[in-house]
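Here are a few friendly notes to read alongside the model. Take them one point at a time, with the structure open beside you.

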Amino acid sequence: MSKILIMDHPLIQHKLSILRDKNTGSKEFRALISEIATLICYEATRDLPLEEIEIETPICATKTKVLAGKKLAVVPILRAGLGMVDGMLALVPSARVGHIGLYRDPDTLMPVEYYCKLPADIEEREVFVVDPMLATGGSAIDAISQIKKRGPKHIKFLGILAAPEGLEALKNAHPDVDIFVAALDEKLNDHGYIIPGLGDAGDRIFGTK
Ligand code: PRP
Ligand code: URA
């Protein structure tokens with residue numbers, strides 16, 4: 001059974017309000033996506049295993065803990081997922097980065113895959129799939145199915161806004177995947193956009209509309 005965490009941290013809620021505002025421009029939008037990604041990453045890495053080591057402080061010898069060499073990979077779903085990568089790497093700088101290119105057909109809302117490049121040793125890694133928007137869930141479900149074919153150790157999905165429909169679909173399709181999102185919105189509109197949402201995340205990150 002997957003773990004689902006809707007973040008309710010005041011810093012995230014504040015940043016989300018600016019992100020949703022249609023008057024927020026691309027430069028600030030990109031910075032906010034990255035900052036929120038860092039905050040979600042902090043929570044999604046809470047269960048990373050630790051090991052004890054011995055060090056010497058300037059005062060004395062002591063036992064202390066470090067990450068137990070767990071290998072991580074960040075896989076953004078293009079395009080909008082790219083906006084979350086730097087924020088993730090700020091906390092886990094040695095993670096490898098894969099890419100999955102998907103776009104949603106505007107008529108069918110079904111994901112269309114156009115690119116996939118994953119780390120060669122992905123089967124040794126825990127994978128963080130990142131995409132700001134979980135709308136119908138089709139893109140995340142498809143991306144995770146592709147990654148699973150390569151046999152990674154474990155997968156977590158990190159998003160910013162989710163619609164109830166997408167959350168339910170992802171949970172049902174991949175019950176072993178833990179899901180972390182900054183907010184759960186009300187619903188989808190007839191065009192598959194999240195309400196109230198923030199509009200088209202890719203277009204707002206890259207200024208393409
Ligand atoms: C957006 C978003 C997700 C997808 C979510 O990508 O970044 O990948 O839609 O929708 P879904 O849950 O219904 O699949 P989009 O297809 O607009 O491509 P882009 O990121 O290249 O703009
Ligand atoms: N993709 C987006 O970028 N925004 C939505 O609201 C839904 C899908």
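1. How many nonpolar, polar and charged residues does the shell around ligand 2 have? There are five nonpolar, two polar and two charged residues. Here Ala, Val, Leu, Ile, Met, Phe, Trp, Tyr, Cys and Pro count as nonpolar, Asp, Glu, Lys and Arg as charged, and the others, Gly among them, as polar.

2. Before going on, please note that this is a predicted model, where local features need pLDDT of at least 70, side-chain atom pairs count only at pLDDT 80 or more, and totals for chains, interfaces and linings use all residues. Residues are numbered from 1 along each chain as its sequence is written, chains are lettered from A and ligands numbered from 1 in the order in which they are written, and side-chain values use heavy atoms, with hydrogens and water left out.

3. Now look at who surrounds ligand 2: among them are Arg 104, Met 133 and Tyr 193 (a residue counts if one of its heavy atoms lies within 4 Å). An oxygen atom of ligand 2 is 2.8 Å from a backbone N or O atom of Ile 194, and a nitrogen atom of the ligand is 2.8 Å from a polar backbone atom of Gly 199.

4. Turn next to ligand 1, which has 15 residues around it, with Arg 104 and Asp 131 among the closest. The side chain of Arg 104 has an N or O atom 2.7 Å from an oxygen atom of ligand 1, and for the side chain of Ser 139 that distance is 2.6 Å.

5. The shell around ligand 1 divides into six nonpolar, five polar and four charged residues.

Terms used: Polar contact = N/O pair within 3.5 Å; in protein donor to acceptor, adjacent residues only side chain to side chain.
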